[in-house]
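Hi everyone, thanks for making time for this. I'd like to walk you through one structure today, so please have it open in your viewer.

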Amino acid sequence: MHHVYDEKGEPRSSPDQPISHLFMFDRSLDQATVLMTGLTYEAMLHEVFTIGCGKISFGPEVEKKMRPDVEQGEAVRKSKVYVLDNNDGVFASIRNKHMTGVFPFLSSKAKEIQSDFSKGASIDQVRDMKQFVAHELKALKLQHRQLEMHICACEVLLEKNGAAGAGERLRFEHELVAGTANIGDVISYLEDCMLRELPSWQVLSLACLASLSQNGLPPKYYQSFREHFFRTYGYEYLPILHSLSSKRLLIEKPRPIVGGTVPPAPTSPSPADSLPTLPFLIKRLGLVPTSEELVMDLRNPSAMSYVFSGAFTPPFCQ
């Protein structure tokens, strides 16, 4: 790249070409980020309901909380799919907020909309009322509908986030990247998740994070996990576990040699493996905050680690 710059000059942005540089990174350099639970509003929506192509289906859990639209005195059947983009002013304002800051914003927004409706109700001039109906009422109704939808969605998110095991999962994720987790406790938690028949991808994502943080699971835990997983979800997942193993996302630590010991897993990349390990990246880039940096205002964050409540900074954001 330096040679190209010397020959042709370093590219600069221009009005017709605003992007001057494009850097492409392989996901293998940042695997932990996608395995952890993001706590922004949009991340939680995707975690619980799944966002696909900018659209989401909340299902009966949210829709039963919402009042039906009324047209000509009859309830109109709700749409099952909602568009999530910045055309939705409420969503645009909260999509990147940490969940601790979402409800306060929605509360203040509700008061603002109610105040605008009250202004309309106090109009006593016909001309002013016509202006209000023609230019403001439709927008207010749309904002009110959007606000109601997101408040109902938030209520369901908080219910699920407060369900049994949700807080424990976050604790294990944060301990794994910090290097303080007891791997036996993590495996026990995963086995409990399988007994409760939680979605398989939730179990696999935490298992992969445990494997990455430990440079492989100890043999007895690895075998125990596989047995419980296949017993719960079926052997049709065998190709998936094989793929995760081949990509070194979910692997077994080398077994001890008879009469000897296995050397400790390297904390820096070896010549045979060009990809740095997660512990190496965390230490080298300072991805886990120190005790002095743990305190963070999640409603007004100053670092990207707020996505994980300050516990971990994605490598590409550091």
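Let's start with a cysteine: Cys208 has a relative accessibility of 2%, so it counts as buried. Cys317, in contrast, counts as partly exposed, because its relative accessibility is 41%. And how many disulfides does the structure hold? The count is zero. Please keep in mind that what you are looking at is a predicted model.

Now the overall picture. The protein has 13 helices and five strands. Of its 318 residues, 36% are buried. The protein exposes about 19600 Å², with 55% of that supplied by carbon and sulfur atoms. If you take contacts between residues at least 6 apart in sequence, 69% of them join residues at least 24 apart.

Let's go inside. The largest nonpolar core has 42 residues, and Leu209, Phe225, Phe229 and Leu250 are the ones with the most contacts inside it. Two or more residues each come from H2, H8, H9, H10, H11, H12 and H13. Which of these helices gives the most? That is H10, with eight residues. Zoom in on Phe225 for a moment: beyond residues up to four places away in sequence, it touches Leu190, Met194, Val203, Leu204, Ala207 and Leu250. Apart from this core lies another one, of 28 residues, which includes Val62, Met66, Leu106 and Ala153.

Helix H13, residues 278-285, is one of the contributors to the 42-residue core. Its buried residues are Leu278, Phe280, Leu281 and Ile282, and they pack against H2, H8 and H10. Just after H13 comes Gly286, with a positive phi of about 65°.

Thr37 is in the loop between H2 and H3, and it counts as buried because its relative accessibility is 7%. What does its side chain meet in a polar contact? The partner is the side chain of Glu173, at 2.8 Å. Leaving out neighbours within four places in sequence, the contacts of Thr37 are Met44, Glu47, Arg169, Leu170, Glu173, Val307 and Phe308.

On to charges. Side chains of opposite charge can pair when their charged atoms come close. The structure holds 10 salt bridges, and I'll pick out a few.

Glu42 and Arg95 meet through their side chains, at 2.9 Å from N to O. Glu42 is in helix H3 and Arg95 is in the loop between H5 and H6, so this pair ties together parts 53 residues apart in sequence. Arg95 is buried, at 18% relative accessible area, because the cut-off for buried is under 20%. Glu42, at 23%, counts as partly exposed.

Then there is Lys160 with Glu61, where the closest N and O atoms are 3.2 Å apart. This pair links distant parts of the chain, 99 residues apart: Lys160 is in helix H7 and Glu61 in helix H4. Both ends are partly exposed, with Lys160 at 35% and Glu61 at 36%.

For a local example, look at Glu175 and Arg171, also with closest N and O atoms 3.2 Å apart. Both lie in helix H8, four residues apart, which is about one turn of the helix. Glu175 is partly exposed at 22%, and Arg171 is partly exposed at 39%.

Key. Residues are numbered from 1 along each chain as its sequence is written. This is a predicted model: local features need pLDDT of at least 70, side-chain atom pairs count only at pLDDT 80 or more; totals for chains, interfaces and linings use all residues. Side-chain values use heavy atoms; hydrogens and water are left out. A nonpolar core is a set of buried Ala, Val, Leu, Ile, Met, Phe, Trp, Tyr and Cys residues joined through side-chain atoms within 4.5 Å. Buried means under 20% relative accessible area, exposed over 50%, partly exposed in between (1.4 Å probe, protein chains only). Contact means heavy atoms within 4.5 Å. A polar contact is a pair of N or O atoms within 3.5 Å; within protein, one must be able to donate a hydrogen and the other to accept it, and residues adjacent in sequence count only if both atoms are side-chain atoms. A disulfide is a pair of cysteine sulfur atoms within 2.5 Å. Accessible areas come from the Shrake-Rupley method with a 1.4 Å probe; for residues, only the protein chains shown count as cover. A salt bridge is a side-chain nitrogen of Lys or Arg within 4 Å of a carboxyl oxygen of Asp or Glu.
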